[in-house]
Amino acid sequence: MAATRHKPGSLLGSLLGLIGFSAIAGILVSATLTPALAVASSTANSGLDLFESLPSYAQINQQAERNRIYGLRDGQPVEIAQFYAQDRQVLAWADVPTNAVNALVAGEDRRYYQHGGVDAPSVVRAGMSQLGIGGDSGASTLTMQLVRQQIAMDAFIRGDDETYAQQYEESYQRKLAEMRLAIGLEQAYTKNEIVLAYLNIANFGGNIYGIESGAQRLFNKPASELTIAESAALIATVQNPSIRRLDNPDNWPRNQERRDFIINRMAAEGLITTEERDASLAIPVDEEFVDLQAPNNGCTTAYDSARFFCDYVTRVLNNDTFDDNYILGATYEDNRAALDQGGYRIYTSIDLDLNDAVQAAVDATTPNTENRWQSGAAVTQLEVSTGRILTMVQNKDYSGSENAPPTATSVNFNADYQHGRSTGFQPGSGFKIFTLAEWINSGRSVNQQVDATRETWNTGDFTASCNPGATGLAAEGWNPQNNEGNEYSRMTPTEIMVNSINTGTIRMASELDLCDVMATAHAMGIDRAEVGSVDARNGEVIENDLVPMPSGVIGGAWNVTPMGMAEAFATIANGGIHCEPIAIDRIVARDGTEVAPPGQDCNQALTPEVASVMQLVLTEVTERNPLNNPAGTTPVISKTGTSNRVLQTWVNGASPTVATSVWVGNIVGGQNLADVGQWNDRSAIFRDAMGAAIDRYPGGQFLSPDQETVQGDASELPDVTGQSLAAAQNALTAAGFEVQVADPIQGIQSSGNVEYTAPGAGSLVTTQTPIIIYPSNGELAPEAEQPADTEAPDEAGATWPDLVSQSLSDARSTLQGRGFDPGLMQVTWQDHGEANLCSVLAQNPLAGSPGSAGDPISVVVGTNAAGGDPGC
């Protein structure tokens, strides 16, 4: 390093300082021969106390280098990203090119292999230069330069700006410290070890550190392949990177001037031949010589489909704690310093093959080129038994730029604010599963009848024990409706989930404690996505507070994430055990030791019995909604979700091995997705993603439903058919039911006797279920005259025909053709999907049973979600 000359006016001060400097420098030079004697002499005779403030140790420090993130390809780890504070790849001596060593010695310290850390002639020349005698000259040897760079780099990693700046200020004190440390370094290490440390720490411009990264970034080759000219050009940079760095074409002439000086020195020292010198000098430093490569630091340059997952992993490393400490340090500052020091290999859970398949499905269905509105889509998939994150994709490119185009973003829509800066989206009907979970958990049956009629709700209609003042409960006159305004009467919770009935879910919630519903949701993995962000309405930081609100049970109160919904469905599929998401499987430090990442954190959120019944219900939901049912025989649970005005749409589900959450909706804006034909994009993505997951993670079965839990506190309604009205009323009232009597209907029972009840005999009901009795008017009693065109069946051998799978009209014709009266057919309507519309699903008596012309028959016929005759 060239010395800094003092102004003429400070000559006297320079002279006095030089005398003291020279005296101690002389002692230090002699210390390379007799260290103990020199130090004793200096303290006894010099009258100076400098040695007492100089460090008495020296060692080659571990240098900051790249951290590497790995994913899984065919089950094997492959690198998907690098991130670092300094772009450095530390080399071993065997990989250091001779050309680079020769260029370094020739250019920076040609007597390096002769001195002991301090070069006496250089010290004298530097002193004379300070007095204006001779040209510019520096006293720093390679060893002294290494000392300074180590101190500077350590300060940089610690964030110690003051110490860092001091290493680039001219002072006798700093120079003496460097000499003392250099001597200690030379006594502790070999010359080659010092050269290796220098080549690994040296800066080659900007964030490029070390000869290996310099070779890769500036010449697109490993350091072991560097030519003489390339090695000299890199070494030419270290003396003054700001004006000779090769990543800026404006610097190329200055770099070539210094490079050629080094090449000539290499020849003069006999390190290269004359022919090699001439050939190297003939190569200009230009665009053909420099092969600049873009930096690969961070998630912007990570493996294409895993960039948002890379961002998630880096946020886990920076923010998450483990055993009350951050993952890599006790405090945030310690953790940050460890990451900046680098050298970690982070092995993650991402399945790149599955991730690619899901990314392709998202790109094909919801391309990021949509420019009519801010369209978004995201998918998270978790391994059910562990919580390991298998996929994390979305329909935007990853970009950290503030000026990113509409096709790109740095916001990870799969994760919450802490892990991706997303504030989430309303879950719509997907949130109904938590009311279902608490319904079952409280001992109620999924097959009992629930009143699903639309009505007006008031604050006092709901219970929230954790919120005694009822703050946040329904406002007076809350009158929610169902999708497209459909009206319903009595339905089972299973039917409510199959048809996603708001009014039925709210009725279920009104019989529960909303605080318990929210606690169940939280235990299954649901947190508010916005936690940690600032509420724009009041400027306060949002906390994780699922305030109990009736609108929340149908998904209209809080924003959630695909990650959270995937957690919830994984909990159901996992027999009620919730596992926190895991992104990192292993962390290996540069020395090969293992650093423990956050381990598996699983807790029983639901009992296995409750989970088994939820699996039963939500498997039925999938089977009755074929749009969400992937091909094959593997069972799948699922539930759709749609927010008001079809702004946000979801399909959440799981096989026994993989949970999947798909969100498609508005990032910003209010585009109704149904209006643009994209309401069911969610289903197309879910089928593809779930199908790909089942292919890669096959097998497994859900639990057999626990029958006691299925029935809950419900019991079969007694059969009072044919009884007198008074007897039936007394029997049902005595059993604890509230009984209502309807107007007489046309029936086969004697006039005044019970034709049937609603719910029907054998239905699972509780004493809270109102029972309606329908008395008969007797018009269809057996003694009534048969129609003239009915052929009476043979009383001795008549049997009922098989009507199942026939259309309702065909079933009536079949009955008449066999001599039975079709007018005696009693029809019960049941929503069983569009494929079964107007088809007979079941009959009683069964086919082949004996019957006579005047006997009635009951059939169950398929209808739609509206219930009743759909026009059969």
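Strand 1 (residues 67–73) and strand 2 (residues 76–83) run antiparallel and are joined by seven bridges. Within that pairing, G71 sits opposite V78 of strand 2. The two strands form a hairpin with two residues between them, and there D74 has a positive phi near 55°. Before I go further, please note that this is a predicted model.

Strand 1 has another partner. It runs parallel to strand 5, and four bridges join the two. Here Y70 stands opposite Y347 of strand 5. On to strand 5, which covers residues 345–351. Six of its seven residues are buried, so strand 5 is largely enclosed by the rest of the structure. Strand 5 also pairs with strand 13 (residues 584–588), in the antiparallel sense, through four bridges. One of the pairs in that case is T348 with I584 of strand 13.

A378 has Q394 of strand 7 as its bridge partner.

Staying with this sheet, look at the loop between strand 17 (648–654) and strand 18 (658–668), where S655 is found. Is S655 buried or exposed? S655 is buried, with a relative accessible area of 0%. Leaving out residues up to four places away in sequence, S655 touches V384, A573, T634, P635, M690, I694 and F702. Take F702 from that list: S655 and F702 are 47 residues apart along the chain, yet their C-alpha atoms are separated by 8.2 Å.

Apart from neighbours within four places in sequence, R528 contacts I542, E543, N544, D545, L546, W558 and N559.

Now to the helices. Two packed helices are described by the angle between their axes and the distance between the axes. For helix 4 (residues 98–108) and helix 13 (residues 252–268), the angle is about 100° and the axes are 8 Å apart. The two helices are therefore roughly perpendicular to each other. Helix 4 contributes N99, N102, A103, A106, G107 and E108 to the contact, and helix 13 contributes R258, I262, R265 and M266. By type, these residues are four nonpolar, three polar and three charged.

Last, the protein as a whole. Its secondary structure comes to 28 helices and 26 strands. The protein has 872 residues, and 51% of them are buried. The accessible surface is about 36,800 Å², with 48% of that belonging to carbon and sulfur atoms. Of the contacts between residues at least 6 apart in sequence, 71% join residues at least 24 apart.

That is the end of the tour.

Technical notes:
Residues numbered from 1 in each chain as written. Predicted model: local features only at pLDDT ≥ 70, side-chain atom pairs only at ≥ 80, totals over all residues. Heavy atoms only, no water. Axes fitted to C-alpha atoms, helices over the stretch in contact; angles between N-to-C directions. Parallel < 35°, antiparallel > 145°, perpendicular 65-115°, else oblique. Contact = heavy atoms within 4.5 Å. Nonpolar A, V, L, I, M, F, W, Y, C, P; charged D, E, K, R; others polar. Buried < 20%, exposed > 50% of the residue type's maximum accessible area, 1.4 Å probe, protein only. Areas by Shrake-Rupley, 256 points an atom, 1.4 Å probe, with all protein chains shown as cover. Pairing = 2+ DSSP bridges.
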